Amino acid sequence: VVWTGRKTAARILVALGAAVVFSSNSGASGSAMVAALVTVALGSFHKRAAVLLPLLIVLSGFATALTLGKLDNSLLSFNAGERLAAFHANDRIQIWAYYTDFFWQRPWTGFGFNAEYTLGNPVLYKHYTTTIPPHFANLHTHNVELQVLLEFGVIGAVLVSLTMCAGAARYWNDTRPEIVFCMAALSGVAGATLVNFGRWEEW
């Protein structure tokens, strides 16, 4: 009976969250809400699916981060895509392309902590250039996975992935019902960071 009540609560939460998503014009909040809702929906039937989802979102972020700058704006102008990604899509695509350009110049170790604010410094990085217009310098990456790749390279991405794998393993056999909602919060953060935010932003 208790578990049935939790499933009903989860369905109500999904319905309310969906209403919020489709009334929002923020790509980050929409992505976060969808990720959290999917986690709750899956987790109400299979807790282990909820435990895996934050990890899978981050891994998919690493797998796609370097292709975001090649997206065509027309691909983002339909239905759900418009809700989740088209908010300032053109600017974001160019920002992603800008930092991807730099990534390929130091792919293994990256440019170090807070690199997005120092790459425009010709004294520090006089040997590195980009084909993307420089007015995107000193803007955060709008994608945390891309930021990890830019700052810490493939090595950093592997370390982040291994840490999250360890976390998923830790909670794999956790039987507490509330673990689903904890994972939903993590999925929400992971979903938002696919289209916005920089890890070191004060706000």
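User: What is Ile179 in contact with, leaving aside neighbours within four places in sequence?
Analyst: Ile179 is in contact with Lys47, Tyr171 and Asp174 once neighbours within four places in sequence are set aside. Contact means heavy atoms within 4.5 Å. This is a predicted model, in which local features need pLDDT of at least 70 and side-chain atom pairs count only at pLDDT 80 or more, while totals for chains, interfaces and linings use all residues. Residues are numbered from 1 along each chain as its sequence is written, and side-chain values use heavy atoms, with hydrogens and water left out.

User: Is Ile179 buried or exposed?
Analyst: Ile179 is buried, with a relative accessible area of 3%. Buried means under 20% relative accessible area, exposed means over 50%, and partly exposed lies in between, with a 1.4 Å probe and protein chains only.

User: And which helix holds Ile179?
Analyst: Ile179 is found in helix 7, residues 179-192. Helices are DSSP runs of H or I with at least four residues, strands are runs of E with at least two, and both are numbered from the N terminus. The C-alpha atoms of Ile179 and Val40 are separated by 9.9 Å, although these residues are 139 residues apart along the chain.

User: What does the accessible surface of the chain come to?
Analyst: It comes to about 11,000 Å², and 68% of that belongs to carbon and sulfur atoms. Accessible areas come from the Shrake-Rupley method with a 1.4 Å probe; for residues, only the protein chains shown count as cover.

User: What should helix 5 span at 1.5 Å a residue?
Analyst: The 15 residues of helix 5 (residues 89-103) should span 21 Å, and the end C-alpha atoms are 21 Å apart, which agrees. The expected span is 1.5 Å times one less than the number of residues.

User: Where does Thr141 lie, then?
Analyst: Thr141 lies in the loop between helix 5 and helix 6 (144-171). Thr141 is buried, with a relative accessible area of 0%. Leaving aside neighbours within four places in sequence, Thr141 is in contact with Ile95, Trp96, Tyr99, Gln147, Leu150 and Phe197.

User: Which backbone oxygen does the side chain of Thr141 reach?
Analyst: The side chain of Thr141 reaches the backbone oxygen of Asn143 at 2.9 Å.

User: What is phi of His142 near?
Analyst: Phi of His142 is near 60 degrees, a positive value in a residue other than glycine. Most residues other than glycine have a negative phi. His142 is placed in the loop between helix 5 and helix 6, and at 13% relative accessibility His142 counts as buried. Asn114 has a positive phi of about 60 degrees as well, although Asn114 is not a glycine. Asn114 is partly exposed, with a relative accessible area of 23%, and also has its place in the loop between helix 5 and helix 6.

How values were computed. Polar contact = N/O pair within 3.5 Å; in protein donor to acceptor, adjacent residues only side chain to side chain.
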